[in-house]
Amino acid sequence: MAKVIITGGTGLIGKALSKLLVENGYQVIILSRRAMLKDSRKAPNIDYAQWDIDNETIDASAIRNSDYIIHLAGAGVADKRWTSKRKKEIRDSRKKSSELLLKALQETPNKIKAVISASAIGWYGADPSMPNPKPFIETDASDLDFLGETCKLWEESISPVTALGKRLVILRTGIVLSNEGGAFKEFKKPVKFGIAAILGNGKQAISWLHIDDLCRIYLYALENTSMHGSYNAVAPKPVSNREFTIQLAKVARGSFYVPLYVPGFLLRLVMGEMSKEVLKSTTVSCEKIRMAGFDFIFPSVESALGDLVRKKK
């Protein structure tokens, strides 16, 4: 049974991905700062190993005995207001965790075949033209804003694993739709009260992805040895914020909702600098991952939202 280390394995994506890996016959080792006891009744074939990014320590036996690494670790971008301190935490959590993995791979004899690392479509910045922008592709340069520079640092910090002979795949992930948390949880809050809250003018493009398809992309990248380099992990059909919000309200409430535009100045007042991310339009292509042979279960926002709303009932 092949073993897969997951950093950030207790987060939204990590939990769902661990489940999928186990279902497909893998043993999962989750790196955690705290010692955790395995409960085989709840999590068969999932073990835990310790690491401490700040103190640069990691369980060498986990590295020695594993076959793959999936690197998800990083402080949540949208969890807190973007103060200077928080921005540093976001950058450092990605850079230092990658550096610790690299150090462990250099110093510990291992059989790691591939590293599949998270990144984000924040790499690209805002669409250069509206409407009908040309979708961003993997060869486009990183943006110069905070998220663009963070993603560049993120990817550069893990890229040296290729010099160690490890296959590296980087997944630039869009807005992940999941009932368990993340951005989708925030989208749903006003809908519960019959309000379809459209942000700004609602024209900004959302490049999104159902959590199930994202986990399947990670598994596909792990198993498909022809995949190397960066891929956009987004669904085939980006939609505007207005389209997304109205579709969610229709699926969840039928005709019992009221569209309400939330002005940009109010978002800036509440969210600070982070508000520009929810008002920013980013249209991203998934053509490269599709050309690699991946098929989406939820290619349209209608199918994705319908599935999530049904599962929640």
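This is a predicted model: local features need pLDDT of at least 70, side-chain atom pairs count only at pLDDT 80 or more; totals for chains, interfaces and linings use all residues.
**Stop 1**

Start with helix α3, residues 84-107, and show the side chains of Arg 86 and Glu 89. They meet in a salt bridge, with N and O 2.9 Å apart. The two residues are three places apart in the helix, about one turn. In general, an α-helix has 3.6 residues a turn, so residues three or four places apart point the same way.

**Stop 1: bridges between separate parts of the chain**

Now select Asp 145 and Lys 280, whose side chains form a salt bridge of 3.6 Å, N to O. This pair links distant parts of the chain, 135 residues apart. Asp 145 sits in the loop between β6 (114-120) and α4 (146-158), and Lys 280 in the loop between α9 (275-279) and α10 (287-291). Asp 145 is buried, with a relative accessible area of 14%, and Lys 280 is buried, also at 14%.

Next, pick Arg 172 and Glu 155, where the closest N and O atoms of the salt bridge are 2.8 Å apart. Arg 172 belongs to strand β7 (residues 167-173) and Glu 155 to helix α4, so this bridge ties together parts 17 residues apart in sequence. Both Arg 172 and Glu 155 are buried.

For a network of salt bridges, select Asp 67, Lys 111 and Lys 113 together. Across the whole structure, a search finds 15 salt bridges.

**Stop 2: Thr 283 and its surroundings**

Go back to the loop between α9 and α10 and click on Thr 283. Thr 283 is buried, with a relative accessible area of 11%. What does Thr 283 touch, once residues up to four places away in sequence are set aside? Its contacts are Asp 127, Pro 133, Lys 134, Pro 135, Phe 136, Ala 205, Ser 207 and Pro 238.

**Stop 3: the nonpolar cores**

Show Leu 21, Ile 70, Ile 116 and Tyr 218: of the 43 residues in the largest nonpolar core, these touch the most other members. Helix α6 (residues 211-223) gives the most to this core, eight residues in all.

Now center on Ile 116. Beyond its neighbours within four places in sequence, Ile 116 is in contact with Ile 69, Ile 70, His 71, Val 169, Leu 171, Tyr 218, Ala 221 and Leu 222.

**Stop 4: one face of helix α5**

Color Phe 184, Phe 187, Lys 188 and Val 191, which are buried in helix α5 (residues 183-191). Look down the helix axis: the buried residues of α5 fall within an arc of 95°, so they line one face.

**Stop 5: the cysteines**

Finish with the sulfur atoms. How many disulfides does a search of the whole structure find? The count is zero. The sulfur of Cys 151 has its closest cysteine sulfur in Cys 286, 18 Å away, which is too far for a bond. Cys 215 is in no disulfide either, with the nearest cysteine sulfur, again that of Cys 286, 17 Å away. Cys 151 counts as buried at 3% relative accessibility, and Cys 215 is buried at 3% too.

Definitions and conventions: Residues are numbered from 1 along each chain as its sequence is written. Side-chain values use heavy atoms; hydrogens and water are left out. A salt bridge is a side-chain nitrogen of Lys or Arg within 4 Å of a carboxyl oxygen of Asp or Glu. Helices (H or I, at least four residues) and strands (E, at least two) are DSSP runs, numbered from the N terminus. Buried means under 20% relative accessible area, exposed over 50%, partly exposed in between (1.4 Å probe, protein chains only). Contact means heavy atoms within 4.5 Å. A nonpolar core is a set of buried Ala, Val, Leu, Ile, Met, Phe, Trp, Tyr and Cys residues joined through side-chain atoms within 4.5 Å. The arc is that of the directions from the helix axis to the C-beta atoms. A disulfide is a pair of cysteine sulfur atoms within 2.5 Å.
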